[in-house]
Amino acid sequence: MEQVLTLVCKLNPSQKQSEEIELLLTAFADACNYANQKVKPQITSKMTIQNLVYNEIRALFGLSANLAVRACARVGANRKTAKLKDKPVKVFKPTSADYDARIFSFKEKDWTVSLTLMNGREHIKIDAGNYQRGKLKGRKPTSAQLCKHRDGNYYIHIQIKDEVPEPIKPTPLASTGETPATQWLNNVIGVDFGRRDIAVTSNGDKWDGKQINDVRDKFSRVRASLQKKATKGTRSTRRRARQILQRLSGKERRFQQWLNHNISKSIIQNALKNNAAVAIEDLTGIRERTNQKTRSKTERRRSNSWSFFQLRSFLEYKAIQFGVKIIAVPPAWTSQMCHQCLHIGMRSDKRFKCINEACSWSGDADLNGAKNIAAIGVNFVNSPRGSNCLCCELSVDSSGLLKSLHRTCTQVGVGSLLLTGIVGTSSSASAAQTVSNQIIANAYTCPRYAGGGQLEAYIETTNFYIHICNKSGKLFYTGISKLNGKGVRSLRAYTEEGTGYVVKNQNYEYVVNGASLDIIKNNRVIQTDPVIKYVSGYSN
């Protein structure tokens, strides 16, 4: 197994070489923009794009053969990434260009790189630190990226491939005297990401986010003050303010990066020590969902500067390097559910309290979430074979509400693994609070009338059959009435932690979870259906 590492080295070009680099970056960006405009937006194949515009790019922009090929590949790769977010590729800026083995080489003898520019090959000296020198010694990298950073300097991002060990498969320690389930839980470390506490593990380790939040708030105040002075005042005041802004540029980002490196290193070392896997939350799309809500300017800034993705990427590449298995699990209900009895509990600030009288567990809310994440991760590590698909039938009483503490499990399909959910009710007189534990499905298919795809969740209420389908990484909601067989056409859906699946259809909104289906019109609930069957899953 191979891992690709990127080493960033600063270039020291001459004045003439700097001009050549600028010409190349501009031509490369223009070629990408030309290909993006000429080729139909739905085409993402680099070979198809190359067949359509290669000759024109060579003639119009003066790029070498391989640079023209790299430009076509860049357009295809960016379109694939944008397609996942339902956004078009708008424009390419002259800040980077891709290189392969035919137009790039590294020479350890004099620590230079050879790059094909607009007017031929150039040898440029690089500044390499001890880390880069150690990694590049004796290596012959075959790909790189020429970049212009915000500081105005040029850098070469060199990709090297390293052989990494096979992931260690966690095994329970039979000599501990604990139950098999507890032994497996001890071999999966759950990690709960957050803003107040950057990370909390199921082992009890935590990293407080107060320091980074204070640093961000401080830099925000300083930037606002300096930006105001940079537009008003005397000429010397404006110049001095711009100089300070340039000096402060990147300090906050580098501090956050250093902090995430330390956190990820500690978690991976702990996993190695205990021969354990690491389960993390899959928070993909959370920023887009939270930005749809009305919030203050300060809260929006703090939320958008939360670097959970960087921490996840650091964990993943360090895990590959040391042979630790990383598992991404759906985060729904992990913060709302008690890790001991799986009942919905009450979360107040940083505290969580289980409302189940037979359990009554209370403690740190993030630790509770981390333990739930670890419990879900166990089922990816220790997946039994055969027909082990289980689901929960939730009984209702005469009032139509779900009975408390009822559990009935039946087999549903073959080749899937589902966790049984424990359903409980709160003492609130307004409604019964219930939840089914998140369960993992590998080969569950949505019916054709629901649009096909992999089953994310099947929910049955007193009046509807509901399918949540996963198609190409996107969720779709289909509801069919039990009374007349009519239904809601397949609509886009998204998950919201603590709420469930949310669907919007003009003035209507459908919110469904393990407790109920709420139909909302113009922000008013017009119908509530209790759930009588809930099978939730995550499609691979």
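Over how many bridges do strand β4 (residues 112–117) and strand β5 (residues 120–127) pair, and is the pairing parallel or antiparallel?

Modeller: Strands β4 and β5 pair in the antiparallel sense over six bridges, where two strands are said to pair if DSSP finds at least two bridges between them. Within this pair, Val-113 has Ile-124 of β5 standing opposite. What you see is a predicted model, in which local features need a pLDDT of at least 70 and side-chain atom pairs count only at pLDDT 80 or more, while totals for chains, interfaces and linings use all residues. Residues are numbered from 1 along each chain as its sequence is written, and side-chain values rest on heavy atoms, with hydrogens and water left out.

The two strands belong to an open sheet of seven, whose order is β2-β6-β7-β1-β5-β4-β3 and whose pairing is antiparallel. At the edges stand β2 (96–99) and β3 (104–107), each with a single partner strand, so one side of each has no neighbour in the sheet. From one strand to the next, the twist averages 35°; such angles run from 0 to 180 degrees between N-to-C directions, with axes taken as lines fitted to C-alpha atoms, for helices over the stretch in contact. Helix α1 (residues 15–38) packs on this sheet, where it touches β1 (2–12), β2, β4, β5, β6 (143–148) and β7 (154–163), and its direction makes about 90° with that of β2. Helix α3 (residues 65–84) also packs on the sheet, touching β2, β4 and β6, with its direction at about 115° to that of β2. Contact here means heavy atoms within 4.5 Å.

Between α3 and β2 there is a loop that holds Asp-86, a residue with a positive phi of about 60° although it is not a glycine. Asp-86 is partly exposed, with a relative accessible area of 47%; buried means under 20% relative accessible area, exposed over 50%, and partly exposed in between, with a 1.4 Å probe and protein chains only. Asn-275, in the loop between α8 and β11 (277–281), likewise is not a glycine and has a positive phi, of about 55°, and it counts as partly exposed at 30% relative accessibility.

Stepping back, the protein has 12 helices and 25 strands, these being DSSP runs numbered from the N terminus, with helices (H or I) of at least four residues and strands (E) of at least two. Buried residues make up 46% of its 540 residues.

One of the helices, α6 (residues 210–229), has 20 residues and reaches 29 Å from its first C-alpha to its last, close to the expected 28 Å, a span defined as 1.5 Å times one less than the number of residues. Among the buried residues of α6 are Ile-212, Val-215, Phe-219 and Leu-226, and what covers the buried residues of this helix includes β9 (197–201), α7 (235–248), α8 (251–274) and α10 (297–304). In the loop between β9 and β10 (206–208) lies Ser-202, which counts as buried at 10% relative accessibility. Leaving aside residues up to four places away in sequence, Ser-202 touches Val-188, Ile-189, Gly-190, Leu-367, Ala-370, Lys-371 and Ala-374.

Strand β14 (residues 351–354) pairs with β15 over three bridges, and Lys-353 stands opposite Ser-362 in β15.

Finally, the cysteines: the structure holds zero disulfides, a disulfide being a pair of cysteine sulfur atoms within 2.5 Å. The sulfur of Cys-354 has its closest cysteine sulfur in Cys-341, 3.3 Å away and too far for a bond, and Cys-354 is buried, at a relative accessible area of 3%. For Cys-359 the closest cysteine sulfur is that of Cys-338, at 3.8 Å, again too far for a bond, and Cys-359 is partly exposed, with a relative accessible area of 21%.
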